[in-house]
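Work through the following exercises with the sequence and the model side by side, and try each task before you read its solution.

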Amino acid sequence: MTEGTTTSAAAEGADTLTRLEQEGEIAADYLEGLLDIADLDGDIDMDVEADRASVSIISDSGTRDLQKLVGRDGEVLEALQELTRLAVHRETGDRSRLMLDIAGYRAKKRAELSELGAKAAAEVKNTGEPVKLKPMTPFERKVVHDAVKSAGLRSESEGEEPQRFVVVLPA
């Protein structure tokens, strides 16, 4: 790799980081407006994780009020994430892969799903038989796929939305 190529790659990485930070700023402004309209207290935390902007709404006064924004099984959270992505798209003209978390719901869910993926992988290793899991959202399937991969196995998604599910396969 030449020096020019290295410099070019570093500049491209900096451009990506700047773009993702801009997505986070736009999302934070949109969500602040939403919190004001809903008369809910919450602090916005922005980060860049795994090449995508990540925005979290957290609260010091407990998460009870913010649970309204999570909804049953995260349904409201999913809808708010899509609306936030649309707000970012409207401002930038680019499709956003922004992840939204409210009151730690996704972080907790990610830990539970990672454990589920690891347990399914262990079962497949023990029995040699594929394991089919219950239908999941795209976010949930991604977390399970990552957990299975880190356990040294492979997995596939099967079925049609909203009944799409993960199948853990022997190595």
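**Exercise 1.** What volume does the largest pocket have?

Solution. This is a predicted model, in which local features need pLDDT of at least 70 and side-chain atom pairs count only at pLDDT 80 or more, while totals for chains, interfaces and linings use all residues. Residues are numbered from 1 along each chain as its sequence is written, and side-chain values use heavy atoms, with hydrogens and water left out. On a 1 Å grid over the protein atoms alone, a pocket is an open set of points where a 1.4 Å probe fits, with protein on both sides within 12 Å along at least five of seven lines, and lining residues have an atom within 4 Å of a point. The volume, meaning the space filled by probe spheres set on the points, is about 460 Å³ for the largest pocket. Of its 18 lining residues, the closest to the centre are Arg52, Met99, Arg110, Phe139 and Lys142.

**Exercise 2.** Find which helix (a DSSP run of H or I, at least four residues) supplies the largest share of this lining.

Solution. Begin with α3 (75-92), α4 (105-127) and α5 (138-150), each of which supplies at least two residues of the lining of the largest pocket. The largest share, five residues, then turns out to come from α5.
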